[in-house]
Amino acid sequence: MPWIRDLVLIPAVAAALTAGLLVVLDDRRLTLATLAAQYLFAAWLAAASLPPGVAAVKLVSGLLACIVLAISVAAMGWRAPGERAGALPTGHAFRWIAVFLVAIVAFAVGRDGWSAIPTLEPVVALGAMFLLALGMLQIGISEDTLRVGAGILTLLSGFEVAYAAVEPSLAVVALLASVHLGVALVVSYLLVGIPGAAAGQEGEG
Amino acid sequence: MSAPAVIALGTLASAVLAGLLRGRLRAAAAAAALGSASIGVFALAVRLEQPFLGLGLSLKIGSTWSLLGRSLILDEGNRAAVGFLYLAAAFLFGGSWVARPGRYFHLAGLAAVGAVAASLMVRPFLFAAIFLELAAMGAVLILARPGRSSRRGALRLLALYTMAMLTALLAGWRVEILGAAGGTVEEALQATVLLGVGFSILMVVPPFHHWLPAEADAAHPYALAFVAILLQSAGLFFLLRFLDGYQWLRDNFALYEGVRSIGAFMVVAGGCMAAAQATFSRTVAYALIADLGVALISIGGRTPQGYQLAVGLLTAHAIGLAVCTLGLTVLRSRTDGDHVAALRGTGRKAPLAAAAAFAGLLSLAGFPLTAGFPVRWSLLQSLESADLTSSLAILVGASVVAASALRWLGILIAEEAGGETVQPIDERIFLAGGVFFCVLFGTFPQLFAGIFEAARGFTNLLP
């Protein structure tokens, strides 16, 4: 489908917007909806290097990861916990400025494509760079479990977009899809935990 | 049937059994330890690609298991490492009989061990990075304790290992393109930098060490010891595989010099940080970083003996850390923490636990007559005057950590009200056994000879 490649600027810009929004949003419902949208755009970007059917695997695994997270957050309540006192500044102004600065750096680094991966189209490389940079920012400035988890998944998505041009094999796509699901499950476990799993709650004497 | 499939099925069966027995921790510990030991023995002893008689039938175990176009291969190159991994895990699962790190420790632990074993067997081996990420996920499940508000350490571990996977995949791709020749200087430099970042994360090189002290505060000490041993073993074998696979990497003297310098820094900085901590578990965490620095110095020596000593250090490290955290777990069960005030005098109530914690920490320091000493001594002899800085770093690091161990001993045996409490017999057996192991490996260094074989598979490193 040639239009996927022709319109690849749309997902590149949209991926940057969603990744930036993930850093600044506090509402957990909006966070998960934005993450799901980001998976759509990341899959679109990956489709520039992969057959659409294979790229769709990334979308499906990503949406499954979002569902796993949504179930856990719903179980815990949608209200986001406050960031730990004494940690990094977490105000909206700080996050907006950080997103702006990091996005500029990502644009500067990624606008001409990656010379190391000549098969990667410049616009796709730009989208991947936005996801990588903003994902790292999210991991770096957040302490809330869901936000860090979203940051890790954003980082992974950015990497996959670039790596798809290097290694388009089905085995890699499948393994990386399992990593997305695994990260979502682990983050869910950290959010919810398993009742009675602590050592102090053993039934055995 | 292929050997990797048998290992995978054995791991799965043991994990399921341990999961089913999660309500009976001792049974789960026994199932995990026996299952893991059996798989380890199988990996070491199985006759690959040779027919043999079993149950009256002619059987042949293949070495290759193909999945989705990729292969898991058990061969002479990696069977010792896989066997070592499962036997070390069996040792640690055995100790969980007393330590009781949690209901899902054995299930998640076996899954993580299986992922690390797959990382050793997978071809092309750059896919190992993905299995290491899966192992890190298992590690997070082991470390996270319900009821604890702090998830910082576990989240950092997950984030760092994800980054390590990404850099290792990219580095692996670059290295594959460069091939044996190494390409241009710039290309080789790009690949080396990527590899350096990935391995720095895997080997807990500062500043990628933050998850370890954070988890020392939050996680069960024995669970943290298991995770540290497992992940660092995986990282070390991954590094050795890369070095073994590419001549141009082995010929990069600057890389080896850098590894030695980083190792020396870790030994001194880790030792000094260990001495400055107010909690026992944090002291152990920094002593562990110092210990890993010694392994890096050993690899940085760029000698066959150095590679073998690095694997030997892993074993000493596993024994010391397991015994130390086993003792600490028992001590913590009698107090409300492991800071100085809480542990003061607890050694008088539980002398064997205090002895185990002390002996384990001394072993991590590399004190004479403990498991950590013979390998360090061999390393110092091999370095001789060729690398005075590294030798001095090892001596300084060992002295500072040993002094820190003595400080903690003083706290543990300080005069306090209350006499010795009764320790269950199984607890006493395990603690005494742990101390015995520490001293046994320190007194009879020849026991390490068999362990050095785990490095034999790296035929280019050990011609």
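In helix α2(B), the buried residues are Leu25(B), Ala28(B), Ala29(B), Ala31(B), Ala32(B), Ala33(B), Gly35(B), Ser36(B), Ile39(B), Gly40(B) and Ala43(B); buried means under 20% relative accessible area, exposed over 50%, and partly exposed in between, with a 1.4 Å probe and protein chains only. This is a predicted model, in which local features need pLDDT of at least 70 and side-chain atom pairs count only at pLDDT 80 or more, while totals for chains, interfaces and linings use all residues. Residues are numbered from 1 along each chain as its sequence is written, chains are lettered from A and ligands numbered from 1 in the order in which they are written, and side-chain values use heavy atoms, with hydrogens and water left out.

Helices (H or I, at least four residues) and strands (E, at least two) are DSSP runs numbered from the N terminus. The cover over the buried residues of α2(B) includes α1 (3-20), α3 (79-99) and α4 (105-121) of chain B. An α-helix has 3.6 residues a turn, so residues three or four places apart point the same way. The expected span of a helix is 1.5 Å times one less than its number of residues. For the 21 residues of α2(B), residues 25-45, this gives 30 Å, and the end C-alpha atoms are 30 Å apart, which agrees.

Chain B also holds an open sheet of three strands in the order β3-β4-β5, with antiparallel pairing. Its edge strands are β3 and β5 (122-123) of chain B, each of which pairs on one side only; two strands pair if DSSP finds at least two bridges between them. Strand β3(B), residues 64-67, is joined to strand β4(B), residues 70-73, by four bridges. Within this antiparallel pair, Leu67(B) stands opposite Arg70(B) of β4(B). The two strands form a hairpin with two residues between them, and Leu68(B) in the turn has a positive phi of about 50°. On the β5(B) side, two bridges join β4(B) to β5(B), again antiparallel, and Leu72(B) has Val122(B) in β5(B) as its bridge partner.

The largest nonpolar core has 246 residues, and those with the most contacts inside it are Phe238(B) and Leu361(B). Such a core is a set of buried Ala, Val, Leu, Ile, Met, Phe, Trp, Tyr and Cys residues joined through side-chain atoms within 4.5 Å. Helix α9 (residues 221-245) of chain B gives the largest share of this core, 18 residues. Not counting residues up to four places away in sequence, Leu361(B) touches Phe280(B), Thr283(B), Val284(B), Ala287(B), Cys324(B), Val401(B), Ala405(B) and Trp408(B).

One of these contacts, Cys324(B), is buried, with a relative accessible area of 0%. Its sulfur is 8.7 Å from the closest cysteine sulfur, in Cys438(B), too far for a bond. Cys272(B), by contrast, counts as partly exposed because its relative accessibility is 40%. The closest cysteine sulfur to that of Cys272(B) is in Cys324(B), 19 Å away and too far for a bond. A search of the whole structure finds zero disulfides over all chains, a disulfide being a pair of cysteine sulfur atoms within 2.5 Å.

Thr167(B) lies in helix α6 (residues 152-178) of chain B and counts as buried because its relative accessibility is 15%. Beyond four places in sequence, Thr167(B) touches Leu194(B), Val197(B) and Gly198(B). Glu187(B) belongs to helix α7 (residues 185-202) of chain B and, at 30% relative accessibility, counts as partly exposed. Leaving aside neighbours within four places in sequence, Glu187(B) is in contact with Arg174(B) and Leu178(B). The C-alpha atoms of Glu187(B) and Ile177(B), ten residues apart along the chain, are separated by 9.6 Å.

Chain A has eight helices and zero strands. Buried residues make up 56% of its 205 residues. Of the contacts in chain A with a separation of 6 or more, 73% come from residues 24 or more positions apart.

Confidence remains to be considered. The predictor gives the complex an ipTM of 0.88 and a pTM of 0.89. The mean pLDDT, the predictor's confidence in each residue from 0 to 100, is 87 for chain B, where 95% of residues reach 70 or more. Chain A averages 85, with 88% of the residues scoring at least 70. Over residues 196-205 of chain A, pLDDT stays under 50, and the model has 28 contacts beyond four places in sequence for this stretch. Where pLDDT is low, the predicted coordinates should not be read in detail.

How values were computed
Contact = heavy atoms within 4.5 Å.
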